[in-house]
Amino acid sequence: MPDIRLLSASEARAVSADLCEVLADCVNGGASVGFMQPYGPDDAAPYWQGVADSVEAGSTLLFAAVIEGKVIGTVQIGAAQMPNQPHRGDLKKLLVHRSARGNGLARFLMEAAEHEAAKRGKTLLVLDTATGSEAEAIYPRLGWERAGVIPDYALWPQGGFCDTTLFYKRIAA
């Protein structure tokens with residue numbers, strides 16, 4: 001059973017090397033999460049520094065799945081919204097290292113993120129994911145509703161356009 005933790009900014013900085021490894025593994029495995037191949041752990045360091053800064057500012061909730069002291073998965077909730085959207089959160093970067101997939105880690109991370117978002121008064125979560133990706137199949141199983149597809153939204157990490165599928169989930173505050 002993984003230990004699912006909501007990380008503080010200092011904790012995020014302390015496990016930055018693990019977070020970098022997870023992100024690099026996912027990008028190199030073909031996940032369309034904003035970065036292009038080739039992508040190494042050193043490439044990921046500025047991204048995670050920015051996330052830690054955002055956690056420190058209170059605009060991001062960062063969760064980590066830890067097994068035997070090592071982060072092997074993560075997800076974020078963008079919690080700071082415009083004044084007319086205080087009830088909404090943006091789910092971002094559900095990442096599980098390929099070596100740890102198939103063990104329910106995505107579910108554990110999502111449940112923790114949804115629970116914490118609800119505790120903070122969020123009643124609606126939204127996300128986008130690459131259409132046709134392995135990740136797209138996860139969300140309906142976790143109760144997320146498909147809202148639609150935007151064509152040519154981003155690039156696959158190896159190049160070439162990919163569509164994105166938008167999902168939402170109402171949660172109880």
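What share of the contacts in the protein with a separation of 6 or more comes from residues 24 or more positions apart? Such residues account for 60% of those contacts, a contact being heavy atoms within 4.5 Å. The model is predicted, so local features need pLDDT of at least 70 and side-chain atom pairs count only at pLDDT 80 or more, while totals for chains, interfaces and linings use all residues. Residues are numbered from 1 along each chain as its sequence is written, and side-chain values use heavy atoms, with hydrogens and water left out.

The protein has five helices and seven strands, taken as DSSP runs numbered from the N terminus (helices are H or I with at least four residues, strands E with at least two). Read along the sequence, these elements follow the pattern β-α-α-α-β-β-β-α-β-α-β-β. Of the 173 residues, 44% are buried, meaning under 20% relative accessible area with a 1.4 Å probe and protein chains only.

Glu114 lies in helix H4, which covers residues 105–119, and Glu114 is buried because its relative accessible area is 11%. Leaving aside residues up to four places away in sequence, Glu114 touches Leu125, Trp144, Lys169 and Ile171.

There are five aromatic pairs, where rings of Phe, Tyr and Trp (its six-membered ring) pair if their centres lie within 6.5 Å, with planes under 30 degrees apart counted as stacked, over 60 as edge-to-face and the rest as tilted. The rings of Phe35 and Tyr47 have centres 5.4 Å apart and planes at 75°, so this pair is edge-to-face. Phe35, Tyr39, Tyr47 and Trp48 form one aromatic cluster.

Definitions and conventions. Buried < 20%, exposed > 50% of the residue type's maximum accessible area, 1.4 Å probe, protein only.
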